[in-house]
Amino acid sequence: MPKKEMKMPIDATQPYDDSNIFARILRGEIPCGKVHEDEYSLAFNDINPQAPVHILVIPKGAYVSWDDFSERASTDEIAGFTRAVGKVARGAGLVEPGYRLLANVGAGSGQEVPHLHVHILGGKPLGPMLSR
Ligand code: 5GP
């Protein structure tokens, strides 16, 4: 039986490492199921969806996490990225049924990819925020 791959959470206090998988997607080295792209952001379908709709939105700038982004990004980057998250969710038809945004930051959250990403989850009732 194949061994289940154990993914290690990252340390979000470390400097940005541009070999991470989302940096490679941004450079076009790895394909993605693109949903949206603009000056500040790229959105694509999660490779391992946790809901019928599971889209990741990432900033084009090099930011490890929400902590890094909210501290260092320019006002234009923050506005552009935030608007993109809303636009992608609206475009996926999620406003009326409702959806969830989630951004993991660092080890305790289980963040696996050290490039900021916001998960957009929807397409079914999502239940409680955290597993009990
Ligand atoms: P995190 O746990 O860091 O918040 O979420 C990382 C997400 O990235 C996971 O939901 C995982 O399925 C997704 N992911 C990891 N590698 C890839 C990839 O190469 N392509 C896509 N589209 N999603 C990925």
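A word on ground rules before we start. This is a predicted model, so local features need pLDDT of at least 70 and side-chain atom pairs count only at pLDDT 80 or more, while totals for chains, interfaces and linings use all residues. Residues are numbered from 1 along each chain as its sequence is written, and side-chain values use heavy atoms, with hydrogens and water left out.

**Exercise 1. Find the salt bridges and say how covered their partners are.**

Step 1: set the rule. A salt bridge is a side-chain nitrogen of Lys or Arg within 4 Å of a carboxyl oxygen of Asp or Glu. Run that over the model and you get five salt bridges.

Step 2: look at Glu29. Its partner is Arg27, with the closest N and O atoms 2.7 Å apart. Zoom out a bit and Arg24 joins in: Arg24, Arg27 and Glu29 are linked in a network of salt bridges.

Step 3: check the cover. Buried means under 20% relative accessible area, exposed over 50%, and partly exposed in between (1.4 Å probe, protein chains only). Glu29 is partly exposed at 44%, and Arg27 is partly exposed at 44% too.

Step 4: move on to Glu37 and Lys34. Their side chains meet in a salt bridge at 2.6 Å, N to O. Glu37 is partly exposed at 40%, whereas Lys34 is exposed at 53%.

**Exercise 2. Work out how Asp68 and Arg72 are placed relative to each other.**

Step 1: the side chains of Asp68 and Arg72 form a salt bridge, 2.7 Å from N to O.

Step 2: both sit in helix 2 (residues 66-72), four residues apart, so about one helical turn separates them. Helices here are DSSP runs (H or I, at least four residues) and strands are too (E, at least two), numbered from the N terminus.

Step 3: compare the two ends. Asp68 is buried at 13%, but Arg72 is partly exposed at 47%.

**Exercise 3. Describe how the protein backbone meets the ligand.**

Step 1: a polar contact is a pair of N or O atoms within 3.5 Å; within protein, one must be able to donate a hydrogen and the other to accept it, and residues adjacent in sequence count only if both atoms are side-chain atoms.

Step 2: a polar backbone atom of Asn45 is 2.9 Å from a ligand nitrogen. A backbone N or O atom of Ile47 is 3.3 Å from a nitrogen of the ligand, and one of Gly110 is 3.4 Å from a ligand oxygen.

Step 3: of the 520 Å² that the ligand exposes when taken alone, the protein buries 86%.

**Exercise 4. Is Ser65 buried or exposed, and what does Ser65 touch?**

Step 1: Ser65 lies in the loop between strand 3 (53-59) and helix 2, and is buried at 1%.

Step 2: counting heavy atoms within 4.5 Å as contact, Ser65 touches Ala12, Val105, Gln111 and Leu116, leaving out residues up to four places away in sequence.

Terms used. Accessible areas come from the Shrake-Rupley method with a 1.4 Å probe; for residues, only the protein chains shown count as cover.
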